[in-house]
Amino acid sequence: MAQVPQTFDAPAVRTWCGLALRALGRAREEIDAINVYPVADGDTGTNLYLTVESAAAAVEAVFAAHEVGGGTGGAAGTSFGPSLADAARAMAHGALIGARGNSGTILAQLLRGMAQVFAADGDRAHADGRGLCLALRRAADSARQAVAHPMEGTVLSVASAAADAATGAEGDCGTVALAAYEGACAALAATPGQLAVLERAGVVDAGGRGLVAVLAALVETFTGRTPEQGASPSAAAVAADGRPVVPHARVSAAEDDGPGTCAPPASGPAFEVIYLLDAEDAAVARLRERLDGLGDSLVVVGGDGLWNVHVHVDDAGAAVEAGVEAGRPHRIRITHFGAGDAHTGGSGRPHRERAQRAVVAVVPGEGLAGLYTEAGATAVLARPGEQLASGELVEAVRRAHAREVVLLPNDPELRHTASAAAEQARGEGVRVALIPTRSAVQGIAALAVHEPGRRFDEDVVAMTSAAGATRHAEVAVAERQSWTTAGICQAGDVLGLIDGDVAVIGSDVAATAETVLDRMLSAGGELVTLVLGDEAPDSIADRLQTRVRETYLAVDTVVYQGGRQGALLLIGVE
């Protein structure tokens with residue numbers, strides 16, 4: 001058996017996040033399938049997976065930063081690597097900024113509560129079994145406080161039961177984790193008796209089921225084994241593979257209306273609104289009151305100036321405006337609870353047929369997202385300075401709902417992420433081809449020759465060829481002094497990058513763009529694509545179009561508005 005940690009330290013946080021992500025990956029479809037509360041939209045498992053994926057990525061980033069700085073990985077008992085406080089805070093922050101849905105937002109607050117205990121009073125103060133008890137109690141209490149109207153029979157009940165069971169346990173972290181897991185399993189099995197919608201559907205709470213998977217990973221972290229059936233009488237509702245048995249409640253003939261009886265009432269809110277918010281505590285308190293009057297399922301988590309806000313409303317605009325009044329909302333996501341959501345239709349509702357083929361593309365700005373969408377692609381909006389998670393790409397592939405998918409990452413940094421997403425989608429039965437596009441302009445070229453009617457392999461070859469024949473460049477402003485392939489640049493210099501390398505350093509945006517364009521067209525070209533960022537000079541498009549028209553014969557130019565895309569200008573030459 002591999003060596004397991006005896007106390008909670010940074011490597012234990014890292015291991016737990018990895019095991020929890022794997023456990024939720026295995027259970028995702030099962031959890032999605034039993035998601036009937038608070039809205040039967042069939043995405044709780046996916047949301048929990050994406051939340052933990054963000055937490056795990058943040059922890060990995062902390063370890064990577066220490067390794068770059070000369071540490072040796074953070075073995076227990078040494079001074080190298082991140083501290084427990086560092087790793088716990090990273091886990092909580094990653095979950096906060098990546099939280100999805102109602103259950104994901106609550107899970108983020110559970111992890112934040114635990115991190116507050118682990119980061120308090122020095123690295124060793126709460127690293128033992130007693131510390132884990134305190135962390136689980138803080139987690140359950142803070143999550144309950146974050147929900148405007150706590151309901152029993154939900155993940156909150158499961159978290160409280162886990163904390164109660166842990167409090168009664170004495171021993172090391174493995175003993176406490178097992179007690180918490182068993183308490184959670186018992187509470188999960190009881191949820192159908194606490195919520196009528198669960199009893200009618202014959203399922204346990206989906207969010208609670210996800211928390212049980214996360215706690216099972218915690219047990220494995222400290223024991224090296226997944227919990228087994230019969231570990232104690234309280235684990236009677238646990239199957240041999242460590243998963244809770246989903247009970248099927250008795251339903252009277254009067255209640256049994258067939259599939260779809262678990263749908264939310266027609267009067268339920270139409271939209272889910274989620275955003276991150278930079279705001280002071282007092283402003284957030286007022287925001288809670290405002291949003292509570294607009295809708296339901298209100299959860300506000302976070303602190304120290306950064307919050308994650310989740311609410312179900314009919315007026316999505318009003319919910320966002322309330323955030324603007326409180327502070328600075330960003331990463332805004334609005335989802336319509338349409339008739340096509342899982343569990344919401346009656347028994348006669350036909351399932352939406354899969355399309356034969358779809359294109360999924362990562363794009364850097366809202367303008368390009370609209371362009372790709374108009375061309376029939378499923379667009380995933382990249383966030384400046386923040387890496388996309390593979391789960392987000394997998395979610396987009398599922399949303400495309402096609403048998404065959406062409407994936408365009410449009411960024412060399414996303415190659416491994418896109419590859420992992422493609423592999424996971426293939427495991428779900430989707431035929432996926434990954435075209436290694438390095439820029440959105442290469443993606444535009446590929447999309448221009450996309451023909452869903454021809455054979456998949458032929459379509460992929462044509463799209464790959466079009467992308468490969470497109471040279472790409474961008475014009476951006478240097479953020480700091482740095483060595484480049486074109487020499488030393490200073491903060492504020494204008495950089496012209498061709499095929500990923502700095503080729504020009506200048507002081508004027510338009511002049512630098514002209515130099516870049518001339519260098520690209522010196523090797524020939526038939527079509528120039530310009531994608532303007534929202535901070536590009538107003539006259540730059542006309543100037544570059546004039547340059548092409550007067551200097552290069554038989555070369556056409558097309559211009560698109562990219563919005564907030566990071567770079568001032570993207571250039572493609574086919």
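## Ground rules and overall make-up

Helices (H or I, at least four residues) and strands (E, at least two) are taken here as DSSP runs, numbered from the N terminus. On that basis the chain has 18 helices and 16 strands. This is a predicted model, so to speak of local features we need pLDDT of at least 70, side-chain atom pairs count only at pLDDT 80 or more, and totals for chains, interfaces and linings use all residues. Residues are numbered from 1 along each chain as its sequence is written, and side-chain values use heavy atoms, with hydrogens and water left out.

## Burial, surface and contacts

Buried means under 20% relative accessible area, exposed over 50%, and partly exposed in between (1.4 Å probe, protein chains only). The chain exposes about 24900 Å², with 51% of it supplied by carbon and sulfur atoms; the areas come from the Shrake-Rupley method with a 1.4 Å probe.

A contact is heavy atoms within 4.5 Å. Among contacts in the chain with a separation of 6 or more, 71% involve residues 24 or more positions apart.

## Helices α3 and α4

Helix α3 (residues 84-98) packs on helix α4 (residues 101-118) at about 165 degrees, the axes being 8 Å apart. Axes are lines fitted to C-alpha atoms, for helices over the stretch in contact, with angles from 0 to 180 degrees between N-to-C directions. That angle makes α3 roughly antiparallel to α4 (over 145 degrees counts as such).

On the α3 side the contact includes Leu 84, Met 91 and Leu 96, and on the α4 side Leu 111, Arg 112 and Phe 118 are among the residues. The contact residues split into 11 nonpolar, no polar and 2 charged. Here Ala, Val, Leu, Ile, Met, Phe, Trp, Tyr, Cys and Pro count as nonpolar, Asp, Glu, Lys and Arg as charged, and the others, Gly among them, as polar.

## Helices α7 and α9

For helix α7 (residues 173-190) and helix α9 (residues 206-223), the axes come within 8 Å and cross at roughly 160 degrees. That makes α7 roughly antiparallel to α9. Cys 173, Tyr 181 and Leu 188 are among the α7 residues in the contact, and α9 brings in residues including Arg 209, Leu 215 and Phe 222.

## A look at Ala 466

Ala 466 sits in helix α16 (residues 456-468) and is buried, at 14% relative accessible area. Not counting residues up to four places away in sequence, Ala 466 touches Ala 445, Ala 446 and Val 449. Ala 445 is 21 residues from Ala 466 in sequence, and their C-alpha atoms are 5.7 Å apart.

How values were computed: Parallel < 35°, antiparallel > 145°, perpendicular 65-115°, else oblique.
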